[in-house]
Protein chains: 2
Amino acid sequence: MDTTKIVNGVNVTQILDTIELIKQKPEIALFKFRARNEWVAGTHNRATVKDFYGAGAEDDTREAIVFEIDEPPVLCGENAGANPVEYLLVALSGCLTTSLVAHAAVLDIPIRKVESRYEGELDIRGFLGISEDVNVGYRTIRVFFRIDADVPDEKKEELIAMAQKYSPVFNSIAKPVPVSVHLDR
Amino acid sequence: MDTTKIVNGVNVTQILDTIELIKQKPEIALFKFRARNEWVAGTHNRATVKDFYGAGAEDDTREAIVFEIDEPPVLCGENAGANPVEYLLVALSGCLTTSLVAHAAVLDIPIRKVESRYEGELDIRGFLGISEDVNVGYRTIRVFFRIDADVPDEKKEELIAMAQKYSPVFNSIAKPVPVSVHLDR
């Protein structure tokens, strides 16, 4: 008999088994995610994602995934790809969505559809070094979710709160993360 | 006579003209970048980047750029795309690289090659709600740059410091950004 429980396409049994395993061996909860980047020309560069460390082992089994990064012409680029601050919104969108859907699955709340939109305000006087008084990073980011599920709005608000609380990308943006940048000699 | 100055593929003349223009009209420095996301199934969702507001006008001229986001099997996914925290590293890589190259261009330092690698440590006990004592976001991110240019290491270190100081994504991760998440009713 297969006792695997799937809700919203999420394997709830695997999540609960993973939680039990980590409670016994907390060290397997440490993941190391990686990217590489190679400059192409001007504002165009290319990032690659492939291997990571997790669950106590290196994993190099994935095919490499390549991302083109560029700016629009108004910011001196040629639209060879989305720009870095747009990738940040993409990261946030993926994480909040997965966090919302996964926690809904564990709570046994079936969801039919989730859509969300993201807008971040950036004052480029920071990047251009024109003013020290403006944030160099996003001044603010606003997110709006539409959730199609047979639960009252109050429950949807709870899901949105959980999505934020448990989202690694949300917490990497809303809270400071130490980033150290070194020269390879 | 064409007096456009290009260094590292970056139009330095355009940057300097933009800086002058913004000094006269600071309001054109406000940009609004956007993304949309649609859940597919389980940990798989899809983000789209297209329009933005900048330089005082809406810009909808780009083709839409679509990103698949998923988790590896060990995190309940099927590798349909890079995962959200990897997209965050991609964003950081693009921004530090562009910031470094652009500021080198303005300083008239020709660069032949820039490569960088990124590693972020994440304890998934935060995401899984197992412990309130660990960061839900990245615990730390380490970055290493290789720069091929005819300048001493000291100057390369200066470029790396400038890359950080003026990078919108670096500053959106290293410093807290207010993110508000709402339910569309």
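**View 1. Area buried between chain B and chain A.** Between them, chain B and chain A bury about 11,100 Å² (accessible area, 1.4 Å probe, that two parts lose on being put together, summed over both), and 65% of this lies on carbon and sulfur atoms. B:Phe33, B:Trp39 and B:Phe127 supply 7% of the area that chain B buries against chain A, more than any other three residues. The model is predicted: local features need pLDDT of at least 70 and side-chain atom pairs pLDDT 80 or more, while totals for chains, interfaces and linings use all residues. Residues are numbered from 1 along each chain as its sequence is written, chains are lettered from A in the order in which they are written, and side-chain values use heavy atoms, without hydrogens and water.

**View 2. Residues of chain B in contact with chain A.** In contact (heavy atoms within 4.5 Å) are 121 residues of chain B and 121 residues of chain A.

**View 3. Salt bridge of A:Glu86 with B:Arg62.** The closest N and O atoms of this pair are 2.6 Å apart. Chain B and chain A have 12 salt bridges between them (a side-chain nitrogen of Lys or Arg within 4 Å of a carboxyl oxygen of Asp or Glu).

**View 4. Strand E3 of chain A beside strand E8 of chain B.** Strand E3 (residues 30-41) of chain A and strand E8 (residues 113-123) of chain B run antiparallel and are joined by nine bridges; strands are DSSP runs of E, at least two residues, and pair if DSSP finds at least two bridges between them. A:Arg34 stands opposite B:Glu119 in E8(B).

Note on methods. Helix = DSSP H or I, 4+ residues; strand = E, 2+ residues; numbered from the N terminus.
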